[in-house]
Amino acid sequence: MLRLGVNIDHVATVRNARGTPWPDPVEAARVAEVAGADGITAHLREDRRHISDDDIARLMETLSAPLNLEMAATPEMQAIALRHRPHAVCIVPEKREERTTEGGLDVAGDAGRMADFIAPLREAGSRVSLFIGHDPRQIEAAAKAGAAVVELHTGAWCDLGIEGRLAEQQAELEGLRAGASLAAALGLEVHAGHGLTYQNVGPIAAMPEVLELNIGHFLIGEAILRGLGPAIAEMRRCMDAARGNAG
Ligand SMILES: CC(=O)[C@@H](O)[C@H](O)COP(=O)(O)O
Ligand SMILES: NCC(=O)COP(=O)(O)O
């Protein structure tokens, strides 16, 4: 079964554009759960541009589905994760000036620090995931650092499709396939996400090693047009069709 984690960050983006309490990402999480999301993902950025500390506290209080807290590898974020002990913590690279998460973590170049950062989170009971590209060096380093999961960054695959660079997109897909297979062989659970849409989710969902997709920006955009529940149902249909278990 391929799980769908719904990322609610950009409900908070709309809320924060006006400084009102609405739309509430926690209410969006509740709607997503009812619509069949297997989990909720929220990225608490250091600059708090969308999800806030209070959102994380309320998600922890009210959510039945597992929460996947995305965060940078900083002492501040580690303390927040240790206080809340979410089901999963996904460590992502973060740059203040970026529009969205660019590339994956450099685990190989920072192996000791990453292992030290992961250990207390794991001891606190959170499943630790590292958001990385498909470079074999990074996957091997993630396994050595003690991660339970790797989430493969699908952003480049998605962007190459938008730009019509189809040969390069195919090469990127081959890299993701090889990465998924290596990660599973090393005993890591494999997730994928970033930039996924109804149109491009198929080849990623079809990879047998991938057990979870985290999808946000596109789904929240679709929710404006057709409602969050129907948008999630359509994404689930696309995922199931690609996985070969369409009803
Ligand atoms: C880590 C990741 O891929 C997503 O959580 C994404 O970062 C959503 O947040 P932004 O759109 O602010 O990058
Ligand atoms: N980790 C990826 C994620 O949570 C959602 O990314 P996006 O669909 O908002 O690009």
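Predicted model: local features only at pLDDT ≥ 70, side-chain atom pairs only at ≥ 80, totals over all residues.
A residue is taken to be near a ligand if its C-beta atom, placed from the backbone, lies within 6 Å of that ligand.

**Stop 1: ligand 2**

The shell consists of N7, T41, E151, G193, H194, G195, L196, N214, I215, G216, H217 and F218. Sorted by class, this shell holds three nonpolar, eight polar and one charged residues. Colouring by secondary structure shows that strand 8 and helix 10 each contribute at least two residues to the shell.

**Stop 2: the barrel**

Eight of them form a closed barrel in the order 1-2-3-4-5-6-7-8, with parallel pairing. From one strand to the next, the twist averages 25°.

Begin with strand 1 (residues 3-7), which is joined to strand 8 by four bridges, the two running parallel. Within this pair, select V6 and find I215 of strand 8 opposite; I215 is also among the residues around ligand 2. On its other pairing, strand 1 meets strand 2 in the parallel sense over three bridges. There, N7 stands opposite T41 in strand 2, and both N7 and T41 are listed in the shell around ligand 2.

A residue counts as buried if 20 or more other C-beta atoms lie within 10 Å of its own. Strand 7 (residues 189-193) also runs parallel to strand 8 and is joined to it by four bridges. In that pair, V190 faces V210 of strand 8.

**Stop 3: a first set of annotated positions**

Select N7, R18, G195, G216 and H217, which an unreviewed UniProt entry marks as "binding site". Do these positions gather at one spot or lie apart? They span 211 residues in sequence and their farthest two C-alpha atoms are 25.1 Å apart, so they do not all gather at one spot.

R18 lies in helix 1 (residues 9-18) and is exposed, with 9 other C-beta atoms within 10 Å. H217 belongs to helix 10 (residues 217-226); with 16 C-beta neighbours inside 10 Å, H217 is partly exposed. H217 is also one of the residues around ligand 2.

**Stop 4**

Move to ligand 1. Fourteen residues surround it, the closest being H43, V92, T100, T101 and H194. By class, the shell around ligand 1 comprises two nonpolar, nine polar and three charged residues.

R45 has 19 other C-beta atoms within 10 Å and is partly exposed. Apart from neighbours within four places in sequence, R45 is in contact with H50 and E94. T100 sits in the loop between strand 4 (88-91) and helix 5 (111-123), where it counts as exposed, with 10 C-beta neighbours inside 10 Å.

**Stop 5: backbone geometry**

Most residues other than glycine have a negative phi, and most peptide bonds are trans.

- W22 and P23 are joined by a cis peptide bond, with omega about -5°. P23 lies in the loop between helix 1 and helix 2 (25-34).
- R48 has a positive phi, near 55°. It is in the loop between strand 2 and helix 3 and is exposed, with 12 other C-beta atoms within 10 Å.
- R85 has a positive phi, near 50°. It is found in the loop between helix 4 (75-84) and strand 4 and is partly exposed, with 14 other C-beta atoms within 10 Å.

**Stop 6: a distance across the model**

Finally, select A57, which is placed in helix 3 and is partly exposed, with 14 other C-beta atoms within 10 Å.

Notes. Residues numbered from 1 in each chain as written. Chains lettered and ligands numbered in written order. Nonpolar A, V, L, I, M, F, W, Y, C, P; charged D, E, K, R; others polar. UniProt positions renumbered as here; feature names shortened; annotations may be inferred. Pairing = 2+ DSSP bridges. Contact = placed C-beta atoms within 7 Å. Axes fitted to C-alpha atoms, helices over the stretch in contact; angles between N-to-C directions.
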